[in-house]
Amino acid sequence: MALSWIRTVCVAVAGGALATFAAVDSGAAQNAPEIVLGAVVPSSGPFAEWGRANTATLQMLEKQVNDAGGINGAKLRIVILDDAAKPALAANNVRKLAGDDKVLAIAGPLTSSAAEVAFPVANTMKVVSTSQASSKPGVAKLNRPWAFRNTIDEGVLGRTTIPYFKKAFNIKTVAIIFDAKDATAATVGSKIMPALMKENDIKVLNESDPLSFNTGDLDVSAQVTKLKSLNPDGVVVSADYSQGVTVIREMKRQGLIKPVVGATQLISSAILKAAPEIPIVAPATFYATMKGERPEKFVKDLQPILRKTNGLPPEIEPSMYDANIYEIVSMYIDAIKKTGVTGKPGDLEADRTKIRDHLAKLVGFQGLGGPIGFNDDGDAIKAFYIVQGQNGVWESKVRGCSTAPGHPGC
Amino acid sequence: MISVYYAGLLADVGILLLGALSVYIILATGQLSLGNAGFMGIGAYLTSYLTVVVGVPITLALILAAAASGIVGTVVGFPALRLKGIYLAIATLGFGEMVRSFFLNFDTMGGSGGFHGMKHISVGYIWAWAAGILILVVLLERSRVWLEMRAVHDDETAAGLVGLNPTTIKVGAFSFGAAVAAISGGLFAHHHVYIEPGNFGFERSIDFVLAVILGGSTVGPGALVGSFLLVLLPEYLRFLADWRLAAFGVLLIGMLLVRRQGILDRSLFNALAFRRAS
Amino acid sequence: MLLQQLVNGLTLGAVYTLIALSFSLVMGILGVLNLAIAELFMLGGFFGFAVIAAQLPLPLAILAGMVGAALVAVIVEKIGYQPLRDAPVVTPMLSTLGFSIIFQNVATNIWGSDPLQLTDEVLATRFTLGPVSISAMQITVLGATVMLVALLAFVVQRTSIGRALRAVAENRDVARLLGVSADRVTLLAFMLSGALAGAAGVLIGLHYAAITPYIGVEIGLKAIAVMVIGGTTRIWGALVAGPLIGIAEVMTVAYGGSQVRDFVVYGFMIVILLLRPQGILGGSGADQGQRV
């Protein structure tokens with residue numbers, strides 16, 4: 001009868017569900033020793049390009065390491081999971097990587113929104129998680145000791161950016177516009193930049209009247225017209241570069257050709273194409289045309305791979321996020337080699353702690369742009385460059401270092 | 001012993017279940033609400049404020065937040081009476097966006113920077129609430145109140161003629177739905193220990209509706225099926241990599257074409273419960 | 001500044017009018033909210049960009065956008081609406097949502113998630129009339145909007161096709177009894193709305209000169225608000241409501257706070273829904289929605 005058939009199906013389904021949930025430690029003993037690391041990147045959704053580029057970067061690194069003989073003889077395997085830039089998925093990815101795949105350390109998540117939710121999980125599960133792009137102030141700080149970020153707090157960067165901006169363009173007044181829906185951009189635009197302006201004796205013309213737009217807005221003509229009417233010497237654009245492009249193009253359209261300053265979120269090849277005649281000043285720890293033996297080799301190796309990857313545009317260049325995640329995993333490998341991490345299942349907890357301690361005390365690790373360490377907040381102590389973008393290229397103007405008291409500099 | 005990963009997924013299912021039920025309750029009176037994420041947001045922020053700033057224990061905070069959200073639901077429910085069908089849906093959409101916009105500007109609770117400080121709760125606690133409310137809804141479905149709701153759903157005029165008060169029923173449904181969504185929000189806040197306005201936008205409201213429609217829009221446990229589906233599918237579709245989201249879209253369309261009442265309907269439910277179809 | 005802001009508001013209003021009209025074509029005739037229209041707008045933009053990047057002229061780009069989007073709209077109608085015609089209204093709406101998810105994914109895979117930019121803007125010459133500065137592209141957008149709306153009004157009110165559309169909108173079964181092929185009319189409605197959204201995508205995409213696969217999302221929601229405010233079944237209503245909301249938004253930004261902009265737009269929409277549900281230009285209050 002139909003009823004008994006339905007019952008059989010139900011029992012089967014229930015059994016299947018039960019089996020799925022009784023997650024057995026399916027880590028069947030690996031015959032060859034393996035070092036497993038994890039990564040959480042946004043390969044789908046609004047930042048799909050970043051995630052896919054990150055994935056290609058990590059695959060390149062994995063191959064480079066294994067071709068060179070692996071880590072202490074063991075093969076490197078990087079498990080990369082997609083979080084679609086959604087916080088809940090990022091948190092679940094950390095649980096999966098740490099609990100099921102039993103990785104030694106995790107690179108990611110990328111966005112601050114995802115990190116805010118994933119870092120507490122990393123702390124609970126006692127595994128290191130280092131973000132390659134989160135720069136919203138305080139995210140790692142709230143989640144010590146297991147959360148790190150290979151980025152510099154925007155407040156620290158601004159302290160070098162703004163004096164240069166002021167001097168280079170003789171800035172006495174600015175107007176600020178920011179992306180109100182983006183936590184990092186909003187914090188930079190409404191708190192950090194005004195404070196920095198005050199420190200540097202620059203008047204914020206729209207201090208009492210903040211100008212903002214929302215992520216995804218196509219039209220910012222009203223805001224730019226208002227900016228123009230204020231007639232500032234310079235404009236602060238605090239937004240991710242995708243939105244920054246919209247603002248800068250509108251500025252060009254309306255004839256507001258004034259120098260622009262912003263946070264690391266602006267750094268990209270895309271923004272250079274928006275309005276080549278408008279100078280853009282921002283801090284960067286890496287950009288595709290950076291000079292130096294390490295960055296140039298990195299770009300030479302990675303760029304052709306990126307350009308051949310499915311789902312990435314043919315003119316793509318390695319980005320700051322690619323460089324950051326490359327450094328993160330390289331640091332993990334460095335930690336593994338130097339602290340005697342075995343990779344054996346029994347030593348998992350000890351191995352993870354070794355990596356954490358190594359990172360916390362890290363000094364002078366050779367990154368792509370200079371030496372890297374971490375401060376007490378978990379943010380990176382590394383060299384950064386105030387770059388000025390004009391006529392399609394970035395030019396490095398000032399070299400800075402995100403030193404912290406009690407830690408060696410760059 | 002359940003792995004931490006699956007425990008995390010179960011927690012997400014429980015939270016989504018409550019949100020889906022909030023839509024289901026309102027839908028049962030013939031009203032489609034596309035703005036329940038707004039109620040969820042109110043619940044999340046209010047609960048967090050109570051536990052972090054005021055120091056109220058979580059259970060009490062959830063009850064208080066649910067009550068407050070229920071009042072907002074009543075306030076929304078009255079003007080909603082004037083609208084029908086897709087127009088009501090659009091109005092609730094507007095309501096949801098307004099709530100999100102409000103919290104974006106509400107600097108006391110962090111604005112776009114979000115709010116921290118909540119204490120983590122266990123999966124067990126989440127499911128105590130989720131299962132509890134699910135059972136409540138199932139029991140409600142067997143009661144006279146549900147019959148009255150279905151009567152209003154099917155033909156409001158006739159229901160009025162028979163002596164029912166469609167106003168009380170429809171507004172009451174909004175109120176109850178808002179309270180349930182608020183609990184979903186409070187649990188969400190204490191599971192992720194961080195909230196920001198972006199968590200409570202149109203996409204979230206649509207997730208609730210999807211869970212109900214896909215899982216089964218005519219029985220309460222349909223929301224349970226739908227919630228499992230929505231949380232587990234992205235995990236199991238990982239192998240599709242670049243096409244994961246598109247695959248989800250295809251599955252959604254496919255399900256609607258093949259079985260539009262959702263997976264679970266009354267006859268299947270009765271069969272599964274080993275009961276003769278009534 | 002005020003005059004310039006008015007011009008900004010009008011341009012934004014033109015965007016809203018065209019997309020609101022696309023929504024209302026399907027909503028007014030079939031009672032269905034076609035959530036995929038936002039993505040038809042986005043795809044139109046990408047098609048237009050592709051044509052311009054190939055150094056082909058603007059009218060061809062607009063044609064490509066319209067035809068491309070119309071064809072995609074046919075797919076949505078055949079698979080997503082036709083089989084679900086008799087289901088409660090939420091079902092085809094969710095089906096179109098499924099399509100919009102698919103289109104966003106496809107666009108991301110083809111063109112990437114970073115903004116696609118035009119190196120040289122099309123019709124970039126600017127005209128300065130006193131305190132106001134306006135570009136040739138903007139004038140084209142405004143002019144094209146008025147033309148498209150007038151064309152649509154003509155088709156709906158003066159042609160036999162239009163009569164068929166209105167008949168089906170009034171009462172599908174009676175229309176069929178009177179010999180109107182309701183299925184053909186439905187397909188036509190979808191195609192027209194797709195073509196309109198596609199045209200909007202090309203014009204507006206080229207004006208802003210930088211698009212991503214997600215430009216439809218925010219604009220789509222606001223356009224729904226505009227549709228409601230103008231009157232769901234009133235074509236001229238969209239032409240009035242679009243600039244009205246565009247200017248209101250722009251003025252809120254210019255004089256109030258840009259933070260409360262969304263609040264104002266959706267708040268206004270809700271007020272209209274409650275006080276005058278047939279919209280500003282709406283006729284009788286008979287536009288009551290079907291059971292959900």
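Reply: Buried area is the accessible area (1.4 Å probe) that two parts lose on being put together, summed over both. The model is predicted, local features need pLDDT of at least 70, side-chain atom pairs count only at pLDDT 80 or more, and totals for chains, interfaces and linings use all residues. Side-chain values use heavy atoms, with hydrogens and water left out, residues are numbered from 1 along each chain as its sequence is written, and chains are lettered from A in the order in which they are written.

Me: What area do chain B and chain A bury between them?

Reply: About 3,000 Å² is buried between chain B and chain A, 60% of it on carbon and sulfur atoms. B:Tyr5, B:Arg238 and B:Asp242 supply 18% of the area that chain B buries against chain A, more than any other three residues.

Me: Why is the meeting of B:Asp242 and A:Arg52 called a salt bridge?

Reply: The term requires a side-chain nitrogen of Lys or Arg within 4 Å of a carboxyl oxygen of Asp or Glu. The side chains of B:Asp242 and A:Arg52 meet at 3.3 Å, N to O, so the pair qualifies. Across the interface of chain B and chain A, the rule finds three salt bridges.

Me: Why are H10(A) and H11(A) called roughly perpendicular?

Reply: Helix H10 (residues 320–338) and helix H11 (residues 348–360) of chain A pack at about 110°, with axes 9 Å apart. Angles under 35 degrees count as roughly parallel, over 145 as roughly antiparallel, 65 to 115 as roughly perpendicular and the rest as oblique. H10(A) and H11(A) are therefore roughly perpendicular to each other.

Conventions
Axes are lines fitted to C-alpha atoms, for helices over the stretch in contact, and angles run from 0 to 180 degrees between N-to-C directions. Helices (H or I, at least four residues) and strands (E, at least two) are DSSP runs, numbered from the N terminus.
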